[in-house]
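Here's a quick briefing to read with the model open. Have the sequence and the structure side by side as you go.

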Amino acid sequence: MRVAVFPGSFDPITLGHYDIVERAYPLFDKIIIAIGQNSQKKYMFSLEQRMHFIREVFKDFPNIEVDHFEGLTIDYCHSKNVNFILRGLRNPADFEFEKAIAQTNRELTKNNLIETIFLLTSAGKSFISSSIVREIISFGGNYEILVPPAVRVAPKTK
Ligand code: ADP
């Protein structure tokens, strides 16, 4: 079975993430969207909220699983017996960063190779990032145009 892990923070999931998953969906038998949880990091949305959003977004995609993990992505992949990591590329900065990680992961998994598969962002989605969405949310702006409809934040009460 061809299975890929799509790891990320998804704080929150955006239309950029959605685009990558939707386009990778026909390429794999299963995609596991896995939230990498770092206990040192501060998130805007709790792990439960982020998982809930992703489950809602992909509720009509039977071959998508939602999970979370701590530690190295490659260790998580091995624990799930998965040989592919899916990542999205938005710009040259993403490329440089991702190249180093993917090459390190290849080196670290020589005996049980994990390959990273990259999809280029669709035109019109490359400017979207979770950090920009969080910024807009925190200032009460129109974040809805950047995220799937399942991601809705309760309006602030004054
Ligand atoms: P991380 O903290 O691991 O970068 P993110 O949740 O920000 O987690 O991103 C997860 C993956 O989704 C990464 O591969 C990232 O490049 C990709 N991604 C994020 N936004 C976009 C976008 N607008 N278009 C394409 N890929 C994206």
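What follows is a short tour by topic, starting with some ground rules.

This is a predicted model, so to speak of local features we need pLDDT of at least 70, while side-chain atom pairs count only at pLDDT 80 or more, and totals for chains, interfaces and linings use all residues. Numbering runs from 1 along each chain as its sequence is written, and side-chain values use heavy atoms, with hydrogens and water left out.

**The annotated domain**
- UniProt, in an unreviewed entry, lists residues 5-135 as "domain: Cytidyltransferase-like"; such annotations may be inferred rather than shown by experiment, and positions follow the numbering used here, with feature names shortened.
- Over residues 5-135 the chain is 39% helix and 22% strand, with the end C-alpha atoms 27 Å apart.
- Helices (H or I, at least four residues) and strands (E, at least two) are DSSP runs, numbered from the N terminus.

**The largest pocket**
- The largest pocket has a volume of about 1100 Å³.
- A pocket here is an open set of points on a 1 Å grid over the protein atoms alone, with protein on both sides within 12 Å along at least five of seven lines, and lining residues have an atom within 4 Å of a point.
- Grid points are joined across faces, edges and corners, and the volume is the space filled by probe spheres (1.4 Å probe) set on the points.
- Of the 43 lining residues, Pro7, Gly8, Ser9, Arg87 and Glu98 are the closest to the centre of the largest pocket.
- Two or more lining residues come from each of strand S1 (3-8), H1, H3, S4, helix H4 (92-108) and H5, and H4 gives the most, with eight.
- By class, the lining has 15 nonpolar, 18 polar and ten charged residues; Ala, Val, Leu, Ile, Met, Phe, Trp, Tyr, Cys and Pro count as nonpolar, Asp, Glu, Lys and Arg as charged, and the others, Gly among them, as polar.

**The annotated binding site**
- An unreviewed UniProt entry places "binding site" at Ser9, Lys41, Thr73 and Arg87, and the lining of the largest pocket includes Ser9, Lys41, Thr73 and Arg87.
- Thr73, in helix H3, counts as partly exposed because its relative accessibility is 22% (buried is under 20% relative accessible area, exposed over 50%, partly exposed in between, with a 1.4 Å probe and protein chains only).
- Leaving aside neighbours within four places in sequence, Thr73 is in contact (heavy atoms within 4.5 Å) with Pro7 and Ile85.
- Arg87 sits in strand S4 and is partly exposed, at 21% relative accessible area.
- Not counting residues up to four places away in sequence, Arg87 touches Phe6, Pro7, Gly8, Glu98, Thr116, Ile117, Phe118 and Leu119.

**Helix H5**
- In H5 (residues 130-138), Ser130, Val133 and Ile137 are buried.
- These residues sit on the same side of H5 because they cover an arc of only 60 degrees around the axis, taken from the directions from the helix axis to the C-beta atoms.
- The buried residues of H5 pack against helix H1 (15-24).
- Just after H5, Gly140 takes a positive phi of about 75 degrees.

- Asn105 lies in helix H4 and counts as buried, at 11% relative accessibility.
- Asn105 touches Ile74 and Ile85, not counting residues up to four places away in sequence.
- Asn81 lies in the loop between helix H3 (73-79) and strand S4 (84-89), and is exposed, with a relative accessible area of 65%.
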